[in-house]
Amino acid sequence: MSLPAGPASPPPLQLLQWIGRPTDYLERTARRYGDPFTMRLGLHSPVTGVFFSSPEAFQQLFNTEPGLFDSGGANASSTFNLLFGTNSLILLDGERHQQQRRLLTPPFHGERMRSYGELIRTLAEQVTARWNLGTPFQARRSMQRISLGVILKAVFGLHDGTRYLRVCRLLGNLIDASASPLLFGLRLIFPQDAGPMSPMGQLKAQIDAIDELLYAEIRERRERPDPRADDILSLLMAARDEAGQGMGDVELRDELMTLLVAGHETTATAMAWALYWIHRLPQVRERLLAELDSLGSDPDPEAIARLPYLGAVCSETLRIYPVAMVAFARVPRRPVRILDREYPAGTFLIPNIYLAHRRPEAYPDPERFRPERFLERTFSPYEFVPFGGGSRRCIGVAFALYEMKLVLATVLSRVELRLADPRPRLPVRRGLTLAPPEDLHLIPTALRSGHRDLLPAC
Ligand code: HEM
């Protein structure tokens, strides 16, 4: 069974390009070899990955019979295993994966999700209130303060305190330390913990410090359960499987870490990109402000979440530079036919979100940021795929979009901003994600309404 064509360069070289200049490398490879293409990535035991970007391939990859693909444990890197743990939703497969999804999905939807509306606005106001007129602030970092606060409070409930502030600080540091492409690459190349100075050893020390706090919280909750608590940790602790068995401490820790990490960095990056595009294109900003102002001075979060142009700006932000360049690989357990070719068991079949969002037949003039395209037509779940699809589709879709909309509305209604550097900015790798460069700064130029000081920030 031959695989689609792809670069013939040595796998370590391919890995270097994939890490260092991922979007460039994807685009060049697609131009040369078409769709799909095969890359061989790695040093010691290279992984063969076939990258797909057509809606037809996505439809097949997302809709196969249950149990055909492994997506977690089979392809997880050591970093994933160390960070999330083997009980994480991300690393589970089969029935256990589906069972955990049924448990974890509801808190991020419907009434439960809407109950976080005021909290999201409060945290956004609080971060905005710390900006000074004329002083640049780093876009992604500011947005991360908000999204980290939101996910921590959703997961642990509303009790502030030393432990909450420490988790907040340590998680922020962990994510920052995992961001550098160099460290990301070193951890792929040297996946063993070779002492405290090794890349994996350092990561492990950071994770251990957070684990200590998570286990302390779990212990306390077990000793003093609060029947009225409705945060996600309480919900997980109350859950029972068919045999009446509750989750153990390690299982709880793994799911908490998964939600905390997956649930904030992605959203922060998306919000930072949105701020960039809104302030780069005056016509987008004007239309958005007019739509927001039409709701009056203290709009209901639900009314904000329904605004069509705001929704289109969020979608276009997630289209043009999708935070996740690729969805999780689908790894067949037995040979599988995708489009016109059969792939052997164990091949990494990779939905390539970045290139799917650049297909001119769906998105004419794909490099142009044009939210109107989302008002003019509806895209299929195989054309617009920022959250992946099928049985592994992101469980935080509704929550992330809700948060993006409320934060953008809050920030834009309060402060006038401009980009510190008006030149176009290109995305860079940040760990597994595609983010704006770290030096993307905005400058508050005027207040649109009075500031209020609220909760203490972390
Ligand atoms: C803009 C923000 C976000 C983006 C772009 C994003 C993107 C993604 C993508 C592409 C996947 C892989 C899906 C697949 O392979 O088909 C995923 C999975 C996941 N996401 Fe998100 N995500 C975001 C926010 C969130 C939030 C807020 C949460 C917290 C609840 C979250 C939790 C997860 C989890 C737990 C998974 C694993 C699902 C599974 O394996 O079943 N994400 N996300």
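This is a predicted model: local features need pLDDT of at least 70, side-chain atom pairs count only at pLDDT 80 or more; totals for chains, interfaces and linings use all residues.
How far is the sulfur of C314 from the closest cysteine sulfur? Colleagues, the sulfur of C314 lies 15 Å from that of C394, too far for a bond. A disulfide is a covalent bond between the sulfur atoms of two cysteines. Here it is counted when a pair of cysteine sulfur atoms is within 2.5 Å, and the structure holds zero disulfides.

Residues are numbered from 1 along each chain as its sequence is written, and side-chain values use heavy atoms, with hydrogens and water left out.

Let me stay with the two cysteines. I call a residue buried under 20% relative accessible area, exposed over 50% and partly exposed in between, using a 1.4 Å probe and protein chains only. C314 is buried, at 0%, whereas C394 is partly exposed, at 34%. C394 sits in the loop between helix 19 (373–376) and helix 20; helices (H or I, at least four residues) and strands (E, at least two) are DSSP runs, numbered from the N terminus. The SG atom of C394 is the only protein donor of the iron atom of the ligand, at 2.3 Å. Donors are N, O and S atoms within 2.8 Å of the metal (3.2 Å for Na, K and Ca); water is not among the atoms, so sites may look incomplete.

I turn to the interior. A nonpolar core is a set of buried Ala, Val, Leu, Ile, Met, Phe, Trp, Tyr and Cys residues joined through side-chain atoms within 4.5 Å. The largest has 114 residues, and M143 and L260 have the most contacts inside it. Helix 20 (residues 397–414) gives the largest share of this core, 11 residues. A second, separate core of 17 residues includes V50 and F58.

Next, helix 15. Among its buried residues are V284, L288 and L292.

Finally, helix 8 (residues 139–156). Of its 18 residues, 16 are buried, so helix 8 is largely enclosed by the rest of the structure. Just after helix 8, G157 takes a positive phi of about 90 degrees.
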